[in-house]
Each structure stands twice: as structure tokens, then as C-alpha cells.
Amino acid sequence: MENQLPTSDTDFVGSLIPQRFPFVMVHELTEFSENHLVSGFEIKDDNIFIQDGTFQASGLIEHQAQSVALHTGYKYYLLGKEAPTGYIGAIKSFEAETLPKTGDRLVSEVTILHEVMGVTLVDIVTKLNGGIIAKSQMKTAVK
């Protein structure tokens, strides 16, 4: 199975992360390098993080964390290996300027700052219509 980037093949993207419906918060993989990834996510009205038409901050955090998982999953895919399960180890910072709505399309950029012994420190910036709506720095750990 060969997949070239960018891809919005939801089956392929879904195979790279451990989450399953209804908990999938990434739909697209646009860019990938050893220290960088760009993901996309369209917010549907059946999303579990929607409240009164607004995607909640907890959903933004989960989308960002799954973007990091997507980086790990794609890296392992390129190596021909099964990706390990990962966890949020710590959220150092999180700021949301605004909360997106149903139908909005998020684009998140993950920058790997440091990776040692299965623990990864990342910066994540999430944009909506080209404007930054959320930023975070978190540590993730693989099992």
C-alpha cells in the first residue's frame, strides 16, 4: 500500500493512530519530516467534543495530541513497523484564542523539539482559515 502526501484517505490516516471512531480527531496528513508534521481535521456536527455547535478546548487538545500520534504513526509506517501506542505525558502550556465551530477545518503544525527514550517534547500550532487559534507545548510518551 503506497500513500503519497498530502493524503486525506481517512482509512489510511486512521490506520496510523490508535484512536477509533468516534474519537478520531485527525483526517488529513499534509506534510511530514523527521521533526515536523502538518495535519488537518474537519469538525463534523456528530463530534463528541461539540457542544452547542462549538468544538470544545478539550477537543482541540485531543486533536493536537493525535497530530503528534500521527507523526509517530507515519514514521513507523515508513519503517514498515506497527506504531506503538502513545499517551499525553504532560501539557506544559495550552492557549486557545477562539473555539472553532461545526464545519470548520483545522490545520495543525507539529514541531518536534526533543525526543529521548520514547518521550517527545513538541510545540503545536493550530490554525483556522490561516489564523492561529491555539498553541500548546506537550510531552508525549510511547508505550
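Q: How do the residues of the lining of the second largest pocket divide into nonpolar, polar and charged?
A: In this predicted model, the second largest pocket has a volume of about 160 Å³. Phe21, Pro22, Val24, His27, Phe41, Glu42, Lys44, Asp46 and Asn47 line this second largest pocket. Sorted by residue class, the lining of the second largest pocket divides into four nonpolar, two polar and three charged.

Q: Which residues lie closest to the centre of the largest pocket?
A: The largest pocket has a volume of about 380 Å³, and 26 residues line it. By class, the residues of that lining divide into 13 nonpolar, nine polar and four charged. Those closest to the centre of the largest pocket are Pro18, Ala69, Pro84, Thr85 and Gly86.

Q: Which element gives the most to the lining of the largest pocket?
A: At least two residues of the lining of the largest pocket come from each of β5 (86–96), β8 (131–142) and α2 (57–79). The element that gives the most, with eight residues, is α2.

Q: How far apart are the end C-alpha atoms of α2?
A: The helix has 23 residues, and at 1.5 Å a residue these should span 33 Å.

Q: Which residue follows α2, and what is its phi?
A: The helix α2 covers residues 57–79. The residue that follows α2 has a positive phi, and the residue and its value are Gly80, near 75°.

Q: Is Gln66 buried or exposed?
A: Gln66 is found in helix α2, and, leaving aside neighbours within four places in sequence, Gln66 is in contact with Ile17, Gln19, Phe23, Val24, Met25 and Val26. Of these contacts, Val24 is also listed among the residues that line the second largest pocket. Because the relative accessibility of Gln66 is 0% and the cut-off for this class is under 20%, Gln66 counts as buried.

Q: What is the relative accessible area of Val110?
A: Val110 has its place in strand β6 (residues 105–116). Not counting residues up to four places away in sequence, Val110 touches Asn35, His36, Leu37, Ser67, Val68, Val122, Asp123 and Ile124. Val110 is buried, and its relative accessible area is 0%.

Q: How far apart in space are Val110 and Lys135, C-alpha to C-alpha?
A: Val110 lies in strand β6, whereas residues 131–142 make up β8. In sequence, Val110 and Lys135 are 25 residues apart. In space, the separation of Val110 and Lys135, taken C-alpha to C-alpha, is 10 Å.

Key: Residues numbered from 1 in each chain as written. Predicted model: local features only at pLDDT ≥ 70, side-chain atom pairs only at ≥ 80, totals over all residues. Heavy atoms only, no water. 1 Å grid on protein atoms, 1.4 Å probe; cavity = no way out; pocket = protein on both sides within 12 Å on 5 of 7 lines; lining within 4 Å. Points joined across faces, edges and corners; volume = space filled by probe spheres on them. Helix = DSSP H or I, 4+ residues; strand = E, 2+ residues; numbered from the N terminus. Nonpolar A, V, L, I, M, F, W, Y, C, P; charged D, E, K, R; others polar. Expected span 1.5 Å × (residues − 1). Buried < 20%, exposed > 50% of the residue type's maximum accessible area, 1.4 Å probe, protein only. Contact = heavy atoms within 4.5 Å.
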